[in-house]
Amino acid sequence: MADAAHAADPQTDAPQRRAEAVLARMTLEEKAGQLHTVDASGPDPAGRLGPEIASGRIGAVINQVDPQTLRGLQRIAVEESRLGVPLLVSRDVIHGFNTIFPLPIGQACSWNPDLVRDCARAAAGEAAASGVRWTFAPMVDIARDARWGRIAESLGEDPLLASVLGAAMVEGFQGDDLAAPGTLAACVKHFAGYGASEGGRDYDATNIPDNELRNTYLPPFKAALNAGAASIMTSFGDIDGVPATGNGYLLGDILRGEWDFDGVVISDWDSIGQLITHGLSEDMAAAAREAAEAGVDMDMMSSAFIEHLPEMVRAGAVDESRLDAMALRVLTLKAALGLFDDPYGKTHEGAAPTREAARDLARRAARESLVLLKNDAGALPLDFGAIDRLALVGPMADQPYEQMGTWVFDGDETRSVTPLKALQDALGEDRVAFAPALETTRSRDRSGFKAAVEAAGMSDAVLVCLGEEAILSGEAHCRADITLPGAQLELLDALRETGKPVVAIIMAGRPLTLAPVLERVDALIYAWHAGNMAGPALVDVVSGAFNPAAKLPVSFPRSVGQIPIHYNRKNTGRPPVAEQIMHIDDIEVGASQTSFGMSAFHLDDGYTPQFPFGFGLSYTRFDYSDLTLSADEMNRGDTLTASVTVTNAGDREGTEIVQLYIRDPAASLTRPVRELKGFQHIMLKAGERRTVRFDLTERDLAFSGRDRRVRAEAGAFDVWAGGDSTAALHARFVLRD
Ligand code: GLC
């Protein structure tokens, strides 16, 4: 990983000089006011917040996107406050603003940083045109727990993939110049380790040892900051007894010290006040001091800084120099965004992409997010030319809002095209027999099954859209049971009895346990919540107009009891081997305690996931052969090239995401059994073969060791290449000192 976080440059220096000039004229209250972020949603924000804005006690607002209302608030700041410092307007622009793209976990299935960057860019244009200039995204929390509702907004379980895609989001939001039209300042979150919350319960403790923190959870944040992220948000989580928002090791030693980050650190919503609830601070004044001294600059919604920092500076409990540094970072960000020169955002008025361009991008993104998980006997693609009628069934088949997913405060569901609408557009209404069958995904009222079975009976095949509504994932919406809710499995049983081919499309914000679904369907597409254009994208895939290429960014557990389950696991001292695995049903009563596999597995579910990280099918088949290395040994500073031949062994063109994994089998810290170190998209015609090359340097082999230094250790390394994390083609080389 590169080290430079924010080397000084002319663009950065000019805003800082501008900010220093403003800071020099500020009172203690005005400095603390810059640190105060308040919620501007709800009725009459100007009436409620105007006096505080006019007195310089508010630096930023969140959750207000009406342009006229924002201009009104900004006018008070600029024309009525003593120094005329403009407000920073923030919003969670997570996977789109008015046009909604697939959930981040869906976008991550594309493994396509260019696409992810384009989506962030389009979202930034729409949001900036509305007056928003700061988004609380990308979220790069490594997520290994499907019970956790926020896996929906994550980029998955792998540090490299989350790093590449998180950095691409930053580049999309920020462009090259924060003052340019259509830009948003990014805020990478939630620093750090939020996805490790115990039990998959949001906000719960995250006890992460330092080696795991540095080798798994921190790299995507470093990548986002290296991409220029202007700010970072602290996590709600308690990390080994010290909540992130008060954690000087995390925010001071690592972020400010080792990484030399000089951007803005904002707390999550009221997470400064929650330092009291956690049991770290005895009162709000103590919480304010702990957060400020840990490294937090802005207070979202606790009012701790504005209410307590001025008096603590006067009392000598907090140095004014610290308050100055905090306020300077906020003022510098405002200057870099061009707010002092253009507080009313005239620069951004025409920044939104056209509706057509945004729609087409949303369709492209949705197509690349759809993962084909099962396709028995070529059930897909369907031949739309030969079909007389298609049944479309299920509670998610015509839900313009639900298909957008969580975190869509400003999503415009009128821009949604549902699977029903898209199919009717493609086949004509008379060739689509629609029956929702269930009112919601949780419904147990089967009275709608009859119409669904009839629709199936009169059709050539059945598409059934199942899953979870948006509200069943997202913040604070975690599940202890990750099966399909309601009577959805029973619906599949009823459809199965018709004897028609059944294609399931699952729309959800998390991996669900799919074994019961898989045994009831001929094909399965995992669609996540694919945004406004979920419908047309599904039709593109189901009809074969688009050959799916998406790959899973998370492992799918067989049961919730397998969690946490992820591909980059540790080998343990007793790794399971297939022949050792017994099944609970095969165990003889009275068997001796050591009579079968003494290794790391579950008697009922073994040790492999339902679907591994990196898995995804195509309408064609890709074969891998001839993995070769440019050398058997490499010295430090060398580049070693791994080459693998990929053949399209099917009868139609397709794209494959070729993946490269390594393992360091002996090191000063035990290393994961596999680590993704490279991936490439290749398009191959039927029968075509191509050699794909990956360059490895010692930086790719490096990890944070016992001494916290990031370096590669001499010794052997295993290499695999293939179409998912179980790739079998293997080679080995040695790194020499
Ligand atoms: C929420 C989320 C955070 C979001 C913030 C503002 O609680 O944890 O991701 O950016 O508050 O909405």
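Start by selecting Ser130, which is buried at a relative accessible area of 11%; buried means under 20%, exposed over 50% and partly exposed in between, using a 1.4 Å probe and protein chains only. You are looking at a predicted model, in which local features need pLDDT of at least 70 and side-chain atom pairs count only at pLDDT 80 or more, while totals for chains, interfaces and linings use all residues. Residues are numbered from 1 along each chain as its sequence is written, and side-chain values use heavy atoms, with hydrogens and water left out.

Ser130 belongs to helix α6, residues 113-130 (helices are DSSP runs of H or I with at least four residues, strands are E runs with at least two, both numbered from the N terminus). Now show its contacts, meaning heavy atoms within 4.5 Å. Setting aside neighbours within four places in sequence, Ser130 touches Val65, Pro67, Leu70 and Phe97.

Next, select the ligand. Its shell has 13 residues, the closest being Asp92, Arg150, Lys189, His190 and Asp268; a residue belongs here if one of its heavy atoms lies within 4 Å. By class, the shell holds seven nonpolar, one polar and five charged residues (Ala, Val, Leu, Ile, Met, Phe, Trp, Tyr, Cys and Pro are nonpolar, Asp, Glu, Lys and Arg charged, the others, Gly among them, polar).

- Asp92: a side-chain N or O atom is 2.5 Å from a ligand oxygen.
- His190: a polar side-chain atom is 2.6 Å from a ligand oxygen.
- Glu475: a side-chain N or O atom is 2.9 Å from a ligand oxygen.

Alone, the ligand would expose 310 Å², and the protein buries 95% of that (Shrake-Rupley method, 1.4 Å probe).

Last stop: salt bridges, defined by a side-chain nitrogen of Lys or Arg within 4 Å of a carboxyl oxygen of Asp or Glu. The whole structure has 51 of them. Pick Glu320 and Lys31, which pair at 2.6 Å, N to O. This pair joins helix α14 (residues 320-336) to helix α2 (residues 28-33), 289 residues apart. Glu320 is partly exposed at 35%, whereas Lys31 is buried at 5%.

Then try Glu633 and Arg736, with their closest N and O atoms 2.8 Å apart. Here strand β18 (residues 633-635) is linked to strand β26 (residues 729-736), 103 residues apart.

Finish by selecting Asp210, Arg214, Glu258 and Arg708 together: a network of salt bridges links them.

Technical notes: A polar contact is a pair of N or O atoms within 3.5 Å; within protein, one must be able to donate a hydrogen and the other to accept it, and residues adjacent in sequence count only if both atoms are side-chain atoms.
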